[in-house]
Amino acid sequence: MLEVYSEYHEKKKQQGGRPNRLLPETQLLLMLEYYREYRSLAHMAFDYEISEPTASRIIKEVETVLIHSGKFSLPGKKALHQEGGIELEYIVIDATECPVQRPKKDNGVATVGRKSVILPKDKL
């Protein structure tokens with residue numbers, strides 16, 4: 001991933017323009033952390049000391065470059081149906097339902113609140 005994005009970054013640098021504050025390695029790390037941790041862009045931008053729109057733009061740019069390279073695309077549906085094309089490994093997870101443990105409902109434990117907290121003028 002780093003090789004593909006570094007090549008793109010070098011071509012972009014030759015075209016001119018304002019250089020990005022973050023290195024290509026850091027930009028790639030920003031995109032990977034965003035997808036791995038599902039954090040908000042505001043928190044990611046704060047960690048990297050950039051603005052939220054800049055973080056969004058970097059993530060979209062890195063993602064687009066990697067997609068257009070073609071090296072990181074998954075095989076299509078037809079490849080899965082071909083014999084001997086791809087070996088699949090299955091992992092079975094037991095996801096049985098467990099009852100939720102809650103305290104029993106009891107009317108005596110609850111505290112009764114006032115119906116109205118607004119006092120009439122003569123009571124003030």
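The model is predicted: local features need pLDDT of at least 70, side-chain atom pairs count only at pLDDT 80 or more, and totals for chains, interfaces and linings use all residues. Residues are numbered from 1 along each chain as its sequence is written, and side-chain values use heavy atoms, with hydrogens and water left out.

Select the whole chain and colour it by secondary structure. Helices (H or I, at least four residues) and strands (E, at least two) are DSSP runs, numbered from the N terminus.

Next, display the surface. The accessible surface of the chain is about 11,700 Å², and carbon and sulfur atoms account for 55% of that area; the Shrake-Rupley method with a 1.4 Å probe supplies such areas. Of the 124 residues, 18% are buried (under 20% relative accessible area, with a 1.4 Å probe and protein chains only).

Now select α1 (residues 2-15) and α4 (residues 52-69). Their axes, which are lines fitted to C-alpha atoms over the stretch in contact, come within 10 Å and cross at roughly 110 degrees. The angle therefore makes α1 roughly perpendicular to α4 (a term for 65 to 115 degrees).

Finally, show the side chains at this crossing. On α1, select Val4, Tyr5, Tyr8 and Lys12; on α4, select Glu61, Val62, Val65, Leu66 and Ser69. These residues make the contact (heavy atoms within 4.5 Å). Six of them are nonpolar, one is polar and two are charged.

Note on methods: Axes fitted to C-alpha atoms, helices over the stretch in contact; angles between N-to-C directions. Parallel < 35°, antiparallel > 145°, perpendicular 65-115°, else oblique. Nonpolar A, V, L, I, M, F, W, Y, C, P; charged D, E, K, R; others polar. Buried < 20%, exposed > 50% of the residue type's maximum accessible area, 1.4 Å probe, protein only.
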